[in-house]
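Colleague: I am new to this structure and would like to go through a few of its features. Please show it to me before I ask.

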Amino acid sequence: MHGAASDALYTAEIVHWVTLSVMVVVYALRIRWLRSFKAGKDRSPPGGGGRTSPKRGAYYSLANFAMPWSMESSRRGWFFYLTFGVFHLGVACGIALAFISTLSRPLLQQPVVAWTFGTFLGLAFLIGIGRMIRRLARPVMRLISTPDDYFSLFMLTVWFLIGTATQAHIAGAPQLPQEGWVIAYLYLTSFFLLYVPFSKISHYLYYPFTRWWLGKALGHRGSFPVLRG
C-alpha cells in the first residue's frame with residue numbers, strides 16, 4: 001500500500017481516534033452528571049422475609065437481559081430475543097473491527113476471527129433490514145418512532161453492510177477494492193462516535209444506572225430476584 005491510498009487510510013485512522021477521544025470526553029461528562037443524582041430513600045418497609053436484599057436485587061436487575069426466561073416478552077417472543085442478541089453481537093464485532101483494523105490487522109485475517117466477525121456483521125445487517133421493515137410496517141411502531149429512530153437504524157444497517165465488506169476485504173477477498181472499504185468503514189465509524197452520544201443509541205449508557213436503581217428498589221421490597229413456584 002503506497003501513495004495516496006496510504007495517506008487516505010492514515011488520515012481515516014487519525015480521524016477515528018480523534019472522534020473516539022471526543023466521545024470519551026462527552027461520556028465522562030454524562031456519567032459525572034448521572035452520578036450527581038441521588039436515588040430517593042425507599043419509604044416502603046423491607047419485603048421478602050430476608051430472602052433478598054437491595055444489592056441482590058440490583059445484581060439480578062443488571063443481569064436481567066441475559067435471562068430471557070425471567071421476562072414474559074422474551075419467553076413468548078424467543079425469536080425476537082435471539083435477533084436482539086445477534087444484532088448486539090454484531091455491534092460488538094463492528095466496534096472491534098474498527099479498532100483492530102487500526103492496531104493489528106493481521107488478527108482479522110485469522111480464519112476464526114474472520115468468520116466470526118463476518119457472520120455476525122452479515123446477520124446483523126439482515127436483522128437491521130428486518131427491523132426497518134417492522135418499524136415502517138407496524139402502526140404501533142410508527143406511532144412511537146422518532147426521526148432519530150429511523151435515521152439511527154438506517155445508518156447502523158449501512159454500517160453493518162460496509163463492515164461485512166471490510167472484513168471480507170481484510171480476510172483476503174480478491175474481488176473487493178483494496179483500501180476503499182476500510183477507509184469508508186473508519187469514516188462511518190467516526191461519524192457514529194460523534195453522533196451516538198447525542199442520539200437515542202446512547203441508551204446503553206443509562207442502562208446500568210437505571211437497572212441498578214430499579215433492582216435496589218425491588219430488592220428492598222422483596223420482588224427481585226423473582227421467586228418462581
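Colleague: Which helix gives the largest share of the nonpolar patch?

Modeller: This is a predicted model, where local features need pLDDT of at least 70 and side-chain atom pairs count only at pLDDT 80 or more, while totals for chains, interfaces and linings use all residues. Residues are numbered from 1 along each chain as its sequence is written, and side-chain values use heavy atoms, with hydrogens and water left out. The patch covers about 450 Å² and is made by Tyr10, Ile14, Val18, Val22 and Leu194. The largest share, 4 residues, comes from helix α1 (residues 3-35).

Colleague: Which residues meet in a salt bridge?

Modeller: A salt bridge needs a side-chain nitrogen of Lys or Arg within 4 Å of a carboxyl oxygen of Asp or Glu. The search of the whole structure finds 1 salt bridge. At 3.2 Å, N to O, the pair is Lys200 and Asp149.

Colleague: How many residues apart in sequence are the parts tied together by Lys200 and Asp149?

Modeller: Lys200 is partly exposed at 46% relative accessible area, whereas Asp149 is buried at 13%. Helices (H or I, at least four residues) and strands (E, at least two) are DSSP runs, numbered from the N terminus. Lys200 lies in the loop between α9 (180-195) and α10 and Asp149 in helix α8, so the pair ties together parts separated in sequence by 51 residues.

Colleague: What is the direction of α6 relative to α8?

Modeller: Axes are lines fitted to C-alpha atoms, for helices over the stretch in contact, and angles run from 0 to 180 degrees between N-to-C directions. Helix α6 (residues 111-137) packs with helix α8 (residues 147-170) at about 155 degrees, their axes 8 Å apart. Angles under 35 degrees count as roughly parallel, over 145 as roughly antiparallel, 65 to 115 as roughly perpendicular and the rest as oblique. That makes α6, relative to α8, roughly antiparallel.

Colleague: Which peptide bond is cis?

Modeller: Pro225 is in the segment after α10 (203-220). With omega near -10 degrees, the cis bond runs from Phe224 to Pro225.

Key: Patch = residues over 30% accessible without salt bridge, like charges linked within 9 Å, V, L, I, M, F, W, Y side chains within 5 Å. Areas by Shrake-Rupley, 256 points an atom, 1.4 Å probe, with all protein chains shown as cover. Buried < 20%, exposed > 50% of the residue type's maximum accessible area, 1.4 Å probe, protein only.
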